[in-house]
Amino acid sequence: MKRQIFTEDHEAFRRTVRTFLAKEVEPYYDQWERDGIVSREAWLAAGRQGLLGLAVPEQYGGGGEDDFRYAAVLAEEFTRAGAAGLAVGLHNDIIGPYLTSLGTDEQKRRWLPGFCTGETVTAIAMTEPGAGSDLQGIRTTAEDKGDHWLLNGSKTFISNGILADLVIVVARTTPEGGAHGLSLLVVERGMEGFERGRNLDKIGQKAQDTAELFFDDVVVPKENLLGELNGAFVHLMTNLAQERMGIAVAGIAAAEHLLEITTEYVKEREAFGRPLAKLQHIRFEIAEMATECAVTRAFLDRCIEDHAKGELDAVHASMAKWWATELQKRAADRCLQLHGGYGYMNEYRVAKAFTDGRIQTIYGGTTEIMKEIIGRSLLA
């Protein structure tokens, strides 16, 4: 079915993204995977190409285009290229809104220009060794010392953790803690007591630096409080819908791409003297995945359109995230199976998609959390 949500401007942007990926990412990606981190030059190149800060106002060096469909194009093309390591979606769609919607004029002038050029790589630090989806379990503390906050604690599984120059940290700012005693503090590279642990060894997304972060009596200036004091819970809930949509968009794009490459593979690969595509079981597998992708795409495109208009609610974003990422996981497993032994080889795209995509049902809120949000809304 022909997609109807994009204009010619969006498609022109898609061509720009594909050119960027072909020139600045794909030739170097294998090396980044071996290194466990992307080159900072790739971030600068993304900035020069205008791929960073799409929704940031032009006065700070951004694109001034608050249309989520451009973010969707980026997510789709980076997914098709298998380039999860360069976490542009995290930077633009998850962290960007915190800075643009919560930042003071002074904070915006200080942080957003580098955000848009790629000189300032960003991260957000919520997850702790003992607190993932449950924000009430956060133990990192920020003590009010009059003219500054004294930050202590640790975070784990932080994407961009090694490269990040600016980290939004979720910390307890009241002794009793709890969901409504949390605030957002911006920690900058070079602050004394801010240390990075190891670059974590993951089963997939090897080029994406994911790290532990440690805060030992870090002095955070009062002017680095982002948003309202003790208001982090509301701020986080406000921005989670967009985070989940970005993950969902990547999920359906991955499933479609897996179907595309597997369809071509079974046409060419022979078994028992004829192409796999001639076997009824193979045709049924392809037919089922194609139908699941088509139905999911219709729902996702509606969600993209609604979000671009500011009309998407948290429940439908949760539905999109749950459904699209679980479809991606199923498609990766089935497509690998259809590739046989070759599917287990890293040189085949399906093997990398299998390991890279496994995190999709976990981060941004697990599938189980998505179901809880949906169920609670229907049964409250």
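A: Contact here means heavy atoms within 4.5 Å. The model is predicted.

Start with Met245. Leaving out residues up to four places away in sequence, Met245 touches Phe68, Leu300, Cys303, Ile304, Leu312, Ala317 and Ala320. The largest nonpolar core has 61 residues. Met245 is among the four that touch the most other members, together with Phe20, Phe78 and Leu86. At least two residues of this core come from each of these helices: α1 (8-25), α2 (29-35), α3 (40-48), α4 (68-80), α7 (232-268), α8 (280-308), α9 (314-339) and α10 (349-356). The top contributor is α7, with ten residues. Another core, of 27 residues, lies apart from this one; Leu90, Leu102, Ile138 and Leu184 are among its members.

Now the pairing of α1 with α4. Their axes come within 10 Å and cross at roughly 35 degrees. The crossing is right-handed. On the α1 side, the contact uses Asp9, His10, Phe13, Arg14, Val17, Arg18, Phe20 and Leu21. On the α4 side, Arg69, Tyr70, Val73, Leu74, Glu76, Glu77, Phe78 and Arg80 take part. By class, that makes eight nonpolar, one polar and seven charged residues.

Last, His316, in helix α9. His316 has 33% relative accessibility, so it counts as partly exposed. Buried would need under 20%, and exposed over 50%. Beyond residues up to four places away in sequence, His316 touches Phe299 and Cys303.

Definitions and conventions
Residues numbered from 1 in each chain as written. Predicted model: local features only at pLDDT ≥ 70, side-chain atom pairs only at ≥ 80, totals over all residues. Heavy atoms only, no water. Core = buried A, V, L, I, M, F, W, Y, C linked by side-chain atoms within 4.5 Å. Buried < 20%, exposed > 50% of the residue type's maximum accessible area, 1.4 Å probe, protein only. Helix = DSSP H or I, 4+ residues; strand = E, 2+ residues; numbered from the N terminus. Axes fitted to C-alpha atoms, helices over the stretch in contact; angles between N-to-C directions. Left-handed = near helix turned anticlockwise from the far one by under 90°. Nonpolar A, V, L, I, M, F, W, Y, C, P; charged D, E, K, R; others polar.
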